[in-house]
Amino acid sequence: AEVHNTCGAVAYYYMKKNSPATISKVVLALKQHPWYNTEWKNKLTGLTGEKLDVALFMLASTYPDDARKDEALGGGEKKKWHYVDYPFVPAGEKVKAAAPEKPNAEIKINELLTTLKTTKNPAQKAIDLCWLFHLIEDVHQPLHTIAMYDRDHPKGDRGGNDTYILLDGEVKGVALHGLWDGMVDG
């Protein structure tokens with residue numbers, strides 16, 4: 001969650017510098033999110049002005065991960081939106097790699113960029129903005145865009161989720177993907 005909070009703040013400050021008029025449109029849209037008055041309002045209490053706007057961008061960025069707790073909001077096919085596993089076959093390996101599974105982050109980002117322009121439902125537009133923020137952030141994280149294919153992983157390592165490493169002093173292996181995400185989240 002921390003990495004998405006940070007990315008939400010970065011998105012805000014990037015827009016402030018490069019497209020300040022966009023900020024008010026995004027904030028207005030996000031205030032139509034179904035969670036605004038239920039899940040988010042208490043977290044925004046006492047914040048005003050820019051601090052409120054930055055916090056809203058941060059909450060929007062974490063929404064898709066928070067929504068995973070509810071199968072209807074973040075489960076099923078939506079779980080596949082968080083990554084796109086392009087194949088990587090190390091030199092000398094004799095395995096056949098598969099194309100990225102569909103749906104995936106790349107497909108969904110392109111879809112959102114199109115539907116956000118035409119969506120009339122304010123709540124859906126807010127949800128779609130959250131997903132767009134989040135998925136763009138996801139594809140910039142290590143192991144959200146690659147799967148290694150080798151003799152140990154002939155069907156791919158699922159973005160490092162099936163590659164385990166031992167750290168100094170550890171007895172049990174740690175999934176590479178989780179290690180990376182944990183390092184970034186601190």
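Which residues have the most contacts inside the largest nonpolar core? They are W40, L44, F57 and Y63. This core has 32 residues. The model described here is predicted.

**The core**

Several helices build the core. α1 (2-18), α2 (20-30), α3 (36-44), α4 (49-67), α6 (105-115) and α7 (122-138) each supply at least two of its residues. Helix α4 gives the most, with nine residues.

W40 shows how the packing looks from one side chain. Leaving out residues up to four places away in sequence, W40 touches L30, H33, W35, L56, L59, A60, Y63 and C130.

Which residues of α6 are buried? They are A105, K108, I109 and L112. Seen down the axis of α6, these buried residues fall within an arc of 105°, so they line one face of the helix. The general rule is that an α-helix has 3.6 residues a turn, so residues three or four places apart point the same way. The buried residues of α6 pack against α7.

The N-terminal end of α6 is capped by N104. A side-chain oxygen of N104 lies 3.0 Å from the backbone nitrogen of E106. P103 sits in the loop between β1 (86-88) and α6. A cis peptide bond joins K102 and P103, with omega about -5°.

D138 belongs to helix α7. D138 is buried, yet it has no salt bridge. How far away is the nearest side chain of opposite charge? That side chain is R68, and it is 5.3 Å away. A salt bridge needs a side-chain nitrogen of Lys or Arg within 4 Å of a carboxyl oxygen of Asp or Glu.

L143 has a positive phi of about 70°, although it is not a glycine. L143 lies in the loop between α7 and β2 (146-148). With 16% relative accessibility, L143 counts as buried.

R158 also is not a glycine, and its phi is positive, near 55°. R158 lies in the loop between β2 and β3 (164-165). R158 is partly exposed, with a relative accessible area of 48%.

**Salt bridges**

Side chains of opposite charge can pair when their charged atoms come close. How many salt bridges does the structure hold? It holds eight. The table lists some of them.

| E50 | K16 | 2.6 Å |

R151 counts as exposed, at 65%.

Elsewhere, E77, K80 and E101 are linked in a network of salt bridges.

Terms used:
Residues numbered from 1 in each chain as written. Predicted model: local features only at pLDDT ≥ 70, side-chain atom pairs only at ≥ 80, totals over all residues. Heavy atoms only, no water. Core = buried A, V, L, I, M, F, W, Y, C linked by side-chain atoms within 4.5 Å. Buried < 20%, exposed > 50% of the residue type's maximum accessible area, 1.4 Å probe, protein only. Helix = DSSP H or I, 4+ residues; strand = E, 2+ residues; numbered from the N terminus. Contact = heavy atoms within 4.5 Å. Arc of directions from axis to C-beta. Polar contact = N/O pair within 3.5 Å; in protein donor to acceptor, adjacent residues only side chain to side chain. Lys, Arg positive; Asp, Glu negative; His and termini not counted.
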